[in-house]
Amino acid sequence: MTADLREALADHLDRVVAPTGDLSSVMRSGRRIRTRRRAIVAGAVAAVLVVGGFATTQLMGSPKAGSNDGQVATDPALAQGLRAYADPGRVMHYGDRSADISDLEWLDTDAAATANGVVYYDAGRPMLLGLDGTTKVLYDGEVEDRPDFHPTAKADPTSAQVAVAVWTEGAPRLLVVDTATGARSISLACAGCDPFVIEAFDDGVVFYRTSFGTVAQEASEPGSVNFAGPETRIADVRNGVVLYDGQPPAQQRPVGDRTYRFVPGAIDSQLTHDGQHVLAWSSTLAATFDAPPLQLSVTEQDGARQWTIDTDGSILVASSGGAGARFHDCDVVTGACERIGELEMTGGDPLFLGNDM
Amino acid sequence: MSNNAPYAPTVDRGAIVTDAERDFPAYFAATWPRMYRTALAIAGDSASAEDACQAAFAKVYASWRRVSAADHPDAYVRRMVVNEVLSTRRSARWRRERPHADVGEPPPSPSAEDGLVERDSLWPAVVALAPRQRAVIVLRYYEDLSEQQIADALGCSRGTVKSQAAAALANLRRATGAALPEGDLS
């Protein structure tokens, strides 16, 4: 009798107390899927455009607002990144806006581009310059504006979170803030941590350096891991790859369920979001595994002289041209670059957020 | 494009993220227990069920706008959970499971008056079914889905659901002696 079968299943299953689902882990994994998917979609679209060229344009027709319902067509901003670049001390271009940055300092080293705007410090206080042009305070407690305290800001490309730090109550305090909601998931004082520098933030793990070495702190967990000693400098961490300068860590420790692959590199170099290539002041990106380098179509011979990784994982390149600088957005799969803007430079070299100059 | 050139309209990324951050947790809390029990019934052990649900809900979150806009979000999510369980069970560690042919001789038939004994013998027999047969039985008799809904959830035809159901019911009859219908998802 099927009634018995129904009752047998209900008897057994309805008694089961479901374990509490790990929402934060689900959302973290979901964001990672979304980020990787965006990178793949963007790369695939670029590849089609490069290979298909004219034929693709003919097949798709000219783009019209609301004419498509696919992910790429409905989310153009999601696929192109923040595309932030600046003429130092004069104007910054980000998303679809421009901003006067004559009062903003340290954008080259302490700021970070995020999917929800630009994170920077104003007199030691972390701020978010949003996509709508408004400014939000990311920490509203008392802060001390110390001239020797430059913790930097780092964005996690797998989420909307950014890691920042303030000097308050006599010590650095690490903060992880969601730039979409303003929610804070970490607020940790680090007594005796001087200097204190945030080195990287990826997949929910903040890597910060003190005089004792590098600590890995999970944004959703209370625990931390002594990740590397002071003889190791972490240049970047992306997708399980650690780019380091100096000595390799004596002992390689996992962080939660994450394990890492260590790749040597210069301290001012960066990893692509997939961790597969190293961006080191060149349009030729070495692979972090046994593979050919990635060659961008705008090269040093074309005047390329500044590079950075954008929030969507593409590569921004500034090249000299005429009286100013030209800016390009390059695909990390094909290396194909698209010119996205130009600026007359009056304040110095072209500036990318968070990049040494 | 010059710095002063107009830009194409763009989607407000902050709003998208906010919608997902706001709506998804409530949906997750409401549907997780039921999806977990379904996953447990098909997977047969709690660790695998939890892993499958975690993986499926991560995919749901990644596609939240599409899922939440669906006519029947639960059906969409259930399909992802079931597929996650079944795809996981195809991996090597699941090959240790006993095939349904190894269920063994049926136990002595329970007395007609003792329905509880019969029901007690049905659960282990369900667990011993092959994964897809078990999925059909669980979706029909626990989730109360129609043949077409089961076909949609498993990504197969109604004919395949019918044949899987017939085989499953025959195995359950043989294993328990229960008076189950012949090849009919009634």
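**Exercise 1. Confidence in chain B**

Find the mean pLDDT of chain B in this predicted model, and find where in the chain pLDDT stays under 50.

*Solution.* Start with the chain as a whole: its mean pLDDT is 71, and 66% of the residues of chain B reach 70 or more. Finally, take care with the reading: where pLDDT is low, the predicted coordinates should not be read in detail. For the model overall, the scores are ipTM 0.72 and pTM 0.55.

**Exercise 2. A helix in chain B**

How many residues of helix H6 of chain B are buried, and which are they?

*Solution.* First locate the helix: H6 of chain B spans residues 131-141. Then count: 9 of its 11 residues are buried, so the helix is mostly covered. Now name them: B:Gln133, B:Arg134, B:Ala135, B:Val136, B:Ile137, B:Val138, B:Leu139, B:Arg140 and B:Tyr141.

**Exercise 3. A sheet in chain A**

Work out the strand order of the open sheet of 4 strands in chain A, then say which strands stand at the edges.

*Solution.* Begin with the inventory: chain A holds 5 helices and 26 strands. The open sheet runs in the order S8-S9-S10-S11, with antiparallel pairing. Strands S8 (154-155) and S11 (184-189) of chain A are at the edges; each has a single partner strand, so one side of each lacks a neighbour in the sheet. Now turn to S9 (residues 161-168) and S10 (residues 171-178) of chain A, which pair in the antiparallel sense over 8 bridges. One example to find on screen: A:Gln161 has A:Asp178, in S10 of chain A, as its bridge partner.

**Exercise 4. One residue and its surroundings**

Is A:Gln217 buried or exposed?

*Solution.* Find the residue first: A:Gln217 lies in strand S14 (residues 213-218) of chain A. Count its C-beta neighbours inside 10 Å: there are 24. The cut-off for buried is 20 or more, so A:Gln217 counts as buried. Next, list its contacts, leaving aside neighbours within four places in sequence: A:Leu174, A:Ile186, A:Val205, A:Val206, A:Tyr208 and A:Ser224. Take A:Leu174 as a check: this residue is 43 residues from A:Gln217 along the chain, and their C-alpha atoms are separated by 9.8 Å.

Methods
Residues numbered from 1 in each chain as written. Chains lettered and ligands numbered in written order. Predicted model: local features only at pLDDT ≥ 70, side-chain atom pairs only at ≥ 80, totals over all residues. Helix = DSSP H or I, 4+ residues; strand = E, 2+ residues; numbered from the N terminus. pLDDT = per-residue confidence, 0-100. Contact = placed C-beta atoms within 7 Å. Buried ≥ 20, exposed ≤ 12 C-beta atoms within 10 Å, placed from the backbone. Pairing = 2+ DSSP bridges.
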